[in-house]
Amino acid sequence: MTVTYTARVANARFGGFSQLLLLWRGSIYKLLWRELLCFLGLYMVLSSAYRFMLTEGQKRYFEKLVIYCDQYASLIPVSFVLGFYVNLVVHRWWNQYLCMPLPDALMCIVSGTVHGRDERGRLYRRTLMRYAGLSAVLILRSVSTAVFKRFPTIDHVVEAGFMTREERKKFENLNSSYNKYWVPFIWFSNLAAQARREGRIRDNSALKLLLEELTVFRGKCSMLFHYDWISVPLVYTQVVTIAVYSYFLACLIGRQFLDPAQGYKDHNLDLFVPVFTLLQFFFYAGWLKVAEQLINPFGEDDDDFETNFLIDRNFQVSMLAVDEMYDDLAMLEKDLYWDTAEARAPYTAATAFQRLQPSFQGSTFDITLAKEDMQFQRPEGLDVPLGEAQGDFLQRLLPVGPGMAAGGLLGRRLSLLRRKNSCVSEASTAPSCTCASTQDGVAPECGCDDLLLDSGPREPEPELPSGPELPAPGPVAEPFTTVSMPAPRGPAPPWLPSPIGEEEESLA
């Protein structure tokens with residue numbers, strides 16, 4: 001069963017994790033105490049033999065061996081290899097939990113799309129969810145030892161009510177040498193299609209939604225099967241295990257305390273118990289034990305997934321959702337805040353202080369700027385209001401020619417564009433139009449647009465400069481004059497807004 005300690009660390013306080021150190025179930029002490037006692041026992045045997053059983057010559061040779069092992073044991077990259085391995089195992093462990101088939105979304109869709117309060121409608125909904133639960137049981141008994149001990153044969157699955165005897169015959173008569181956890185999904189699809197033909201599922205969109213959610217459920221069952229099939233590469237596990245064991249085998253000799261009278265470097269203190277070596281063993285070997293426990297979370301360790309609990313919960317909840325809770329609604333009533341413009345739930349005395357805290361508006365709301373930094377800057381050489389800059393910008397982009405004269409087609413369009421921009425700038429600061437109200441469902445005619453265009457005197461618009469036209473080939477008798485040629489009417493250029501093309505008809 002999973003060890004849950006979330007409530008113990010809900011609030012950070014002094015020594016918050018220290019209270020977890022005394023827990024036994026699921027602890028590192030329960031996992032590691034045998035290996036730790038074995039390592040300490042071997043260390044004590046070697047230390048006692050060095051002190052009391054070896055001769056002086058043998059002691060000198062053993063001391064050289066100790067120095068050699070201590071010098072080269074650090075070449076084994078234990079922390080590097082072990083760290084990557086544990087990170088991989090923990091990531092894989094969490095992904096396996098995310099693949100646990102939960103029927104919550106599927107049961108909501110079944111309850112909302114498979115209709116009928118009669119016995120047959122109830123039979124459709126319960127059978128669909130039973131097929132989903134049966135698929136989960138079949139895949140979990142294939143990957144979890146705890147579930148397999150609960151349902152060792154198909155007979156146990158039938159006796160538990162997940163499968164009928166007729167369904168068992170069809171299941172066993174299907175000739176396939178592979179795992180047949182997917183068979184109930186086919187039964188689910190066929191039954192959903194039959195419900196659609198009978199009108200229990202009222203349209204194809206509802207059937208599509210139901211089958212899509214079934215596909216998600218089936219995908220999770222399939223991923224559990226593949227996680228069980230494809231393990232972490234064996235070579236990686238072997239490398240990590242050999243690295244840890246060989247490192248501490250070298251530490252059994254290399255961390256021995258030597259006689260300080262011999263004057264060896266870093267051997268000035270003689271202790272009988274290697275405290276820091278034991279701590280190092282506790283950390284590294286404990287790290288390896290963590291990976292050993294999490295690499296297959298479908299066993300019976302303290303922190304393995306509670307698969308039997310999930311089977312019971314999912315089966316009961318899914319049946320309640322599609323049967324007793326189907327079309328079961330409370331009477332509609334006005335809520336407590338029906339006439340309140342700003343609804344806000346009350347606080348208890350223990351949480352009343354949270355009402356005084358201001359709501360978060362965004363990280364930039366606390367930024368302050370000087371008044372001069374908040375002024376808009378006009379482009380250099382532009383003295384007209386900002387709203388009129390668009391027409392002048394378009395005018396500067398156009399080539400100068402006879403078509404751009406004040407009387408030309410493009411000139412009239414640009415003049416109209418400047419007038420519309422000026423109207424938008426003035427209208428943005430004026431009160432909103434009150435002519436938008438309707439009377440008897442008919443909107444009155446509004447002349448606000450005309451007023452905006454012609455409200456008050458305007459400064460005469462400067463005529464666009466027209467460039468000199470090139471003379472026709474041949475002898476020039478006298479200086480030429482600029483003559484505005486009527487431009488042929490045609491579609492508006494694509495870069496001009498469409499309203500200009502429409503209103504230009506009234507200007508022609």
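Tutor: A helix here is a DSSP run of H or I with at least four residues, a strand is a run of E with at least two, and both are numbered from the N terminus. This is a predicted model, in which local features need pLDDT of at least 70, side-chain atom pairs count only at pLDDT 80 or more, and totals for chains, interfaces and linings use all residues. Residues are numbered from 1 along each chain as its sequence is written, and side-chain values use heavy atoms, with hydrogens and water left out.

Student: Which helix holds Val81?

Tutor: Val81 sits in helix α3, residues 78–98. In total the protein has 17 helices and zero strands.

Student: Why is Val81 called buried?

Tutor: Look at its relative accessible area, which is 16%. Buried means under 20%, exposed means over 50%, and partly exposed lies in between (1.4 Å probe, protein chains only). The value for Val81 falls under the buried limit, so Val81 is buried. Across the protein, buried residues make up 32% of the 508 residues.

Student: What is Val81 in contact with, leaving aside its neighbours within four places in sequence?

Tutor: Tyr236, Val239 and Val240. Contact means heavy atoms within 4.5 Å. Val81 also lies 9.2 Å from Val244, C-alpha to C-alpha, although the two are 163 residues apart in sequence. Now take the contacts in the protein with a separation of 6 or more: residues 24 or more positions apart account for 70% of them.

Student: What makes Asp323 and Arg122 a salt bridge?

Tutor: Their closest N and O atoms are 2.9 Å apart. A salt bridge needs a side-chain nitrogen of Lys or Arg within 4 Å of a carboxyl oxygen of Asp or Glu, so this pair qualifies. Asp323 belongs to helix α13 (residues 307–324) and Arg122 to helix α5 (residues 119–143), so the bridge ties together parts that are 201 residues apart in sequence.

Student: How are the two partners classed, buried or partly exposed?

Tutor: They fall into separate classes. Asp323 has a relative accessible area of 15%, so it is buried. Arg122 reaches 42%, so it counts as partly exposed.

Student: How many salt bridges does the structure hold?

Tutor: It holds 19. One of them joins Arg150 and Asp312, with the closest N and O atoms 2.7 Å apart. That pair links distant parts of the chain: Arg150 in helix α6 (residues 145–150) and Asp312 in helix α13, 162 residues apart.

Student: Why are Arg150 and Asp312 called partly exposed?

Tutor: Arg150 has a relative accessible area of 33%. For Asp312 the value is 39%.

Student: What makes Lys289 and Glu292 a salt bridge?

Tutor: The distance, N to O, is 3.3 Å. That is inside the limit, so the pair counts. Both residues lie in helix α12 (residues 275–294), three residues apart, about one turn of the helix. Salt bridges that share partners join Glu35, Lys289 and Glu292 into one network.

Student: How do you know that Ser144 makes a polar contact with Thr307?

Tutor: Their side chains come to 3.2 Å. A polar contact is a pair of N or O atoms within 3.5 Å; within protein, one must be able to donate a hydrogen and the other to accept it, and residues adjacent in sequence count only if both atoms are side-chain atoms. Ser144 is found in the loop between α5 and α6. Its relative accessible area is 2%, so Ser144 is buried.

Student: Which polar contact joins Asp302 to another side chain?

Tutor: The one with Lys30, at 2.9 Å. The side chain of Asp302 also reaches the backbone nitrogen of Gly26 at 2.9 Å. Asp302 lies in the loop between α12 and α13. Its relative accessible area is 17%, so Asp302 is buried.
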